[in-house]
Amino acid sequence: MNSTKKLWIILAAIIFVSFGVLLWSGSRIYEAAPPVPEAVVTQSGETVFGRAEIERGRQVWQSMGGMQLGSIWGHGGYVAPDWSADWLHREALALMDIWAREAGGGGYESLAPEEQAALQGRLQDRLRENTYAPADGTITVSDDRAAAIAEVSAHYESLFGTDPQTAGLREAYAMKNDTVPDPEHRRLLGAFFWWTAWAATTERPDSTITYTNNWPSEPLVGNRPPASTFVWSAFSVLFLLAGVALLGWHHAVTHGRGETPHSPPMHDPLRLVKVTPSMRATAKYFWVLLALFLVQILFGAITAHYQVEGQDAYGFELSQYLPYSLSRTWHTQLAVLWIAVAWLGTGLYIGPAISGHEPRFQRAGVNVLWLCLLVIVVGAFAGQWLAVMQTLGLEYNFWFGHQGWEYADIGRFWQWFLFIGLMLWLLLVGRALWPELTGRSETRSIVGLLFLSTVAIGVFFAAALMWGEHTHISMVEYWRWWLVHLWVEGFFEVFATAVIAFLFTRLGLIAVRTATVAVLFATIIFMSGGVLGTLHHLYFAGSPTPVLALGASFSALEVVPLAYVGFEAYHTWRLGGSTPWMRRYRWPVMFFIAVAFWNLVGAGLFGFLINPPLSLYYMQGLNLTPLHGHTALFGVYGMLGIGLVLFCLRGLKPDLAWHEGILKVSFWCFNIGLALMALLTLLPLGTLQLLAAIDNGYAYARSAEFMQQPIVDLLVWMRVPGDIIFSIGAVALAVFVAGLWISPRREGEGRRADEGEPGPAPGESPARGR
């Protein structure tokens with residue numbers, strides 16, 4: 001395995017096979033997706049809904065914020081209900097009430113237990129039966145079920161309007177009054193919700209499992225975890241143990257073998273890197289990053305507070321100007337944006353630093369891309385506000401407003417704009433790296449992997465362009481998770497690994513050959529599970545059982561390399577103290593160590609907690625999901641982005657003394673605040689919801705009845721200490737960066753901080769470090 005060429009061949013083979021299987025899985029999802037009927041008709045021949053009404057209802061749902069206000073099939077926000085589960089539960093109760101009254105009773109709840117059981121058996125036969133006729137594309141429902149549908153539809157028409165009777169629910173769900181002002185749009189919204197519930201309770205042809213693999217848990221209609229979730233959850237644990245064992249064996253056999261002793265240089269080699277005009281121009285990316293980060297924290301606080309007061313902020317009716325669905329949209333999008341800006345800025349800085357080559361007009365390209373990013377953020381966010389406030393109109397919403405898909409919410413026009421910007425970024429980084437890629441440098445493999453990850457980051461954003469306004473939801477979910485999982489959780493990881501390896505090799509702390517083999521091997525291990533691990537997001541989105549099996553198996557393998565991040569953390573810590581001048585890089589290294597810790601806890605432990613099919617069957621859309629999301633997204637990618645930014649800032653301002661105390665406050669506040677947020681609120685609240693979902697069904701765990709309990713309010717308020725501490729860390733980081741420009745402080749008079757290394761003579765330009 002010490003052969004670089006063999007590692008490249010293995011990596012290429014794994015990527016080729018993995019993407020081949022992933023594309024095959026997409027074809028199976030397409031074939032097995034629940035059908036959208038041309039019409040829903042009653043046995044007496046009346047039309048309940050038409051396909052156009054269901055499709056129009058989906059547009060209404062997307063325009064009001066879509067997955068940011070409640071969820072569909074478990075994907076989305078956590079305060080309002082999952083609308084699929086909520087409709088299913090309400091329709092089941094309404095239909096049994098109709099039957100009970102027809103039998104001369106006073107309603108379902110008034111019946112004796114044995115009579116209720118009899119009605120439940122009848123309900124399961126009726127709702128689980130698949131009456132879709134492929135010949136004419138119709139779904140036939142009984143007249144009494146049509147009456148139940150009308151009753152539930154009236155509830156949603158009331159809820160999404162201004163009816164005083166549902167004002168309490170609107171407050172509990174953090175919905176603004178008149179969320180959907182148009183009465184006809186409210187009716188159409190119900191048609192879309194009904195179809196998502198129909199798919200969740202109707203069995204596939206020639207099967208006893210629904211289109212969503214019996215999700216959500218609903219005792220009334222017999223929705224229970226299918227046997228496949230038990231089987232493949234057990235296998236996922238088996239694959240995890242086998243993977244950890246194999247990696248442990250490999251580490252024991254190869255660790256320390258074939259490595260020649262390596263001594264670090266006496267002085268900091270990066271002090272000799274010439275800062276080019278384009279590298280200097282990347283500073284503005286880091287300023288924007290901090291602004292986006294601080295605003296993201298503000299919207300996070302607003303979003304969390306909505307869970308307590310519902311529509312107000314300390315008495316002010318904030319929801320009429322900044323609805324919950326919008327604050328959550330901006331909170332989640334800004335998280336991805338500021339982390340992405342950290343990667344973009346690092347790429348633009350590191351390209352000329354690696355090759356020592358400043359291409360023509362490189363600085364102009366860096367500045368143009370920065371302006372494009374500002375236009376995209378302002379334009380996309382303005383369009384989303386107009387959409388959620390229902391002033392943009394459904395005709396323009398998809399292109400300029402709110403698409404409604406979590407993490408992929410911005411309008412299609414802005415997605416195209418961002419894709420073009422990423423192509424510009426790829427061009428800028430590629431042309432700067434080109435001399436190193438075409439030369440015979442010892443670091444060529446690391447730089448090559450860095451460049452390929454840059455290509456993947458740019459090209460794979462095109463997954464966001466693969467669905468249209470009326471593409472089937474199952475296929476939208478398939479491509480959306482290409483974007484979220486492969487783009488954010490996949491190729492950024494490879495990019496970061498290659499950048500860190502380059503930095504440590506250029507610092508002279510690791511032999512180039514050792515780093516090359518380590519980076520390629522780490523990439524192989526990660527991509528082995530990472531590509532097909534995308535499928536664990538699709539268990540209950542209309543996917544057939546083979547896709548569930550693949551997702552369970554390979555998502556377990558994603559955790560395997562994380563089981564050994566302790567070695568990575570220890571190795572990084574050792575490098576940080578390997579030579580006296582490395583204290584200049586203490587805090588970037590500390591952030592890298594934090595990445596290793598949160599990789600194990602957030603991505604590894606909390607990720608595997610929800611990844612097996614049986615676990616996710618009950619946990620999807622509960623607060624155990626954001627437990628993994630927060631600790632993995634910020635703990636891993638956020639910390640990594642900050643660490644890389646600090647490395648870039650050290651290069652941009654090489655002669656400045658850092659305010660170590662401010663960075664120390666920032667570092668520990670981030671880690672302590674994130675831990676408190678996870679342990680005091682998300683973990684206990686998610687556990688309570690999990691118990692409720694197992695005992696009473698998923699709809700109850702997401703209901704106002706459950707979420708408005710005093711214990712839930714207390715747990716939400718328990719976020720405040722962690723949020724405050726975390727915010728202090730963000731402000732401290734912003735103060736530190738601002739201080740480098742506002743009140744710079746030089747290291748020593750004519751002497752450097754790295755053990756008396758002399759500075760350049762007056763007028764002398766540092767040479768390029770190769």
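Mentor: Let's begin at one pair: Val-41 sits opposite Thr-47 in β2. Keep in mind that this is a predicted model.

Trainee: OK, and how many bridges join β1 to β2, and do they run parallel or antiparallel?

Mentor: There are 3 bridges between β1 and β2, and the two run antiparallel. They form a hairpin with 4 residues between the strands. Look at Gly-45 in that turn, as its phi is positive, about 95°.

Trainee: What about the other neighbour, which way does β6 run against β1?

Mentor: Parallel: strand β1 (residues 39–42) is joined to strand β6 (residues 138–141) by 4 bridges. Within that pairing, Val-40 stands opposite Ile-139 in β6.

Trainee: So what's the strand order in the sheet?

Mentor: It goes β2-β1-β6-β5, an open sheet of 4 strands with mixed pairing. β2 (47–50) and β5 (132–133) each have a single partner strand, so they stand at the edges and one side of each has no neighbour in the sheet.

Trainee: Which strands does helix α7 lie across, and at what angle to β6?

Mentor: Helix α7 (residues 183–201) lies across β1, β2, β5 and β6, and its angle to β6 is about 85°.

Trainee: Switching to helix pairs. How do α10 and α12 cross?

Mentor: Helix α10 (residues 283–309) and helix α12 (residues 362–388) have axes that come within 10 Å and cross at roughly 15°. That angle is why α10 counts as roughly parallel to α12. The crossing is left-handed.

Trainee: Which residues make that contact?

Mentor: From α10 you have Lys-284, Tyr-285, Val-288 and Leu-292. On the α12 side they are Val-366, Asn-367, Leu-369, Trp-370, Leu-373, Leu-374 and Val-377. By type, the contact of α10 with α12 divides into 9 nonpolar residues, 1 polar and 1 charged.

Trainee: Now the loops. Where's the cis peptide bond?

Mentor: Between Trp-215 and Pro-216, with omega about 5°. Pro-216 is in the loop between α7 and α8 (227–254).

Trainee: And what's up with the phi of Asn-213?

Mentor: Asn-213 has a positive phi, about 55°, although it isn't a glycine. Asn-213 also lies in the loop between α7 and α8.

Trainee: Is Asn-213 buried or exposed?

Mentor: Asn-213 has a relative accessible area of 2%, so it is buried.

Conventions
Residues numbered from 1 in each chain as written. Predicted model: local features only at pLDDT ≥ 70, side-chain atom pairs only at ≥ 80, totals over all residues. Heavy atoms only, no water. Pairing = 2+ DSSP bridges. Contact = heavy atoms within 4.5 Å. Axes fitted to C-alpha atoms, helices over the stretch in contact; angles between N-to-C directions. Parallel < 35°, antiparallel > 145°, perpendicular 65-115°, else oblique. Left-handed = near helix turned anticlockwise from the far one by under 90°. Nonpolar A, V, L, I, M, F, W, Y, C, P; charged D, E, K, R; others polar. Buried < 20%, exposed > 50% of the residue type's maximum accessible area, 1.4 Å probe, protein only.
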